[in-house]
Amino acid sequence: IDGEYPAFQINYTRVVLGIGDLLNVDNLTSHSESAGRFTISWRDNSNEGSARATDQLFLALYCVELKQWGAKHAGSQRNSCNFTFEVPSFSGKSVEAYIGFLSADARFVTTSLHAGSGYIL
């Protein structure tokens, strides 16, 4: 939370959805190229530290205007380097994006990252 009473506001860049020791990705980019779709891309860092190609993505989008979350677990591995999330209910809205990974056996998790703010066409 940032600001001073009574003008408090949520600092979305500091929201954390998961905490763990698994190495997260870097060089994140995000964009929307078509209606109701949000794509996030990253650099494959498999085999650096604890990161493995088979780690499973988790992606969450928060639409401030609708006060709703959209989340996706699995469907993409670390070495795929991108994922497109279909969220037609967020079309025409701004979102806050968060990304993280779970090990294939679900024993380890990354600390989530704020992957940016974006507008979904």
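Is E48 buried, partly exposed or exposed? E48 counts as partly exposed, at 34% relative accessibility (buried means under 20% relative accessible area, exposed over 50%, partly exposed in between, with a 1.4 Å probe and protein chains only). This is a predicted model, in which local features need pLDDT of at least 70 and side-chain atom pairs count only at pLDDT 80 or more, while totals for chains, interfaces and linings use all residues. Residues are numbered from 1 along each chain as its sequence is written, and side-chain values use heavy atoms, with hydrogens and water left out.

**Salt bridges**

- Five salt bridges are found in a search of the whole structure (a side-chain nitrogen of Lys or Arg within 4 Å of a carboxyl oxygen of Asp or Glu).
- One of them pairs D26 with R43, with 2.9 Å between the closest N and O atoms.
- D26 belongs to strand β1 (residues 26-31) and R43 to strand β2, so this pair ties together parts that are 17 residues apart in sequence.
- D26 is partly exposed, at 31%, and R43 is partly exposed, at 31%.
- R43 also meets E48 in a salt bridge, at 3.0 Å from N to O.
- R78 and D55 form a salt bridge at 2.8 Å, N to O; R78 sits in the loop between β4 and β5 and D55 in the loop between β2 and β3, 23 residues apart.
- Both R78 and D55 are buried.
- Through shared partners, salt bridges join D26, R43 and E48 into one network.

**Sheet**

- Four strands form an open sheet in the order β4-β3-β6-β7, with antiparallel pairing (strands are DSSP runs of E, at least two residues, numbered from the N terminus; two pair if DSSP finds at least two bridges between them).
- β4 (68-77) and β7 (113-120) are the edge strands, each pairing on one side only.
- Strand β6 (residues 93-102) is joined to β7 by seven bridges, and S94 stands opposite Y119 in β7.

**K93**

- K93 is found in strand β6 and counts as buried at 19% relative accessibility.
- The side chains of K93 and E65 are joined by a polar contact of 3.3 Å (a pair of N or O atoms within 3.5 Å; within protein, one must be able to donate a hydrogen and the other to accept it, and residues adjacent in sequence count only if both atoms are side-chain atoms).

**Nonpolar core**

- W42, L61 and I99 touch the most other members of the largest nonpolar core, which has 19 residues (buried Ala, Val, Leu, Ile, Met, Phe, Trp, Tyr and Cys residues joined through side-chain atoms within 4.5 Å).
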